[in-house]
Amino acid sequence: MATAAPQATGGRTLAHPAREEIRLEGVLHALSDPMRLAVVRELASARSVELSCSHFDLPVTKSTTTHHFRVLRESGVIEQVYRGTTKLNGLRRADLDALFPGLLDSVLAAADRQERRLGA
């Protein structure tokens, strides 16, 4: 899932940064929001490589959910592709691990520890 402009069925594509365009401050900003971090945690733990937007049950409006996914995509944390009318989301783990070794695993482990500590 490391393409800059993924091919989509039906001719619909979404803009994604190429690997070399992903910036640490953008990734950290994207991961700093609890809703976006929840999405990334779910994608990281999913057995499937891609999950549809409707899979995520976020306690915010649809427009806010769309905003969160856009921030994650534009920062290079996730890749989104259309399959028919469904928008699928995948974690760009290979790109993030290549650029920032250990960052994603550290953030996910810290989020798990925090959840256990706070009982959330």
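Modeller: Before we start on charges: Lys and Arg count as positive, and Asp and Glu as negative.

Biologist: Fine. How many positive and negative side chains does the protein have, then?

Modeller: In this predicted model, the protein has 16 positive and 14 negative side chains.

Biologist: And how far apart do the centres of the two sets lie?

Modeller: The two centres are 3 Å apart.

Biologist: New topic. Which elements does the protein have, and how do they run from the N terminus on?

Modeller: The protein contains 5 helices and 3 strands. Starting at the N terminus, the elements go α-α-β-α-β-β-α-α.

Biologist: What about the radius of gyration?

Modeller: The protein has 14 Å, and a compact globule with 120 residues would have a value near 14 Å, so the two agree. The C-alpha trace spans about 45 × 30 × 25 Å along its principal axes.

Biologist: How many of the residues count as buried?

Modeller: Of the 120 residues, 38% are buried. The protein exposes about 6900 Å², and 53% of that comes from carbon and sulfur atoms.

Biologist: Now A109. Where does that one lie?

Modeller: A109 is in helix α5, which covers residues 103–118.

Biologist: Why is A109 called partly exposed?

Modeller: Its relative accessible area is 30%. Partly exposed covers values between the buried limit, under 20%, and the exposed limit, over 50%, so A109 falls in that class.

Biologist: What separates A109 from R41?

Modeller: Along the chain, A109 and R41 are 68 residues apart. Their C-alpha atoms are separated by 9.6 Å.

Notes
Residues numbered from 1 in each chain as written. Predicted model: local features only at pLDDT ≥ 70, side-chain atom pairs only at ≥ 80, totals over all residues. Heavy atoms only, no water. Helix = DSSP H or I, 4+ residues; strand = E, 2+ residues; numbered from the N terminus. Rg over C-alpha atoms; globule rule 2.2 N^0.38 Å. Buried < 20%, exposed > 50% of the residue type's maximum accessible area, 1.4 Å probe, protein only. Areas by Shrake-Rupley, 256 points an atom, 1.4 Å probe, with all protein chains shown as cover. Charge placed at Lys NZ, Arg CZ, Asp CG, Glu CD.
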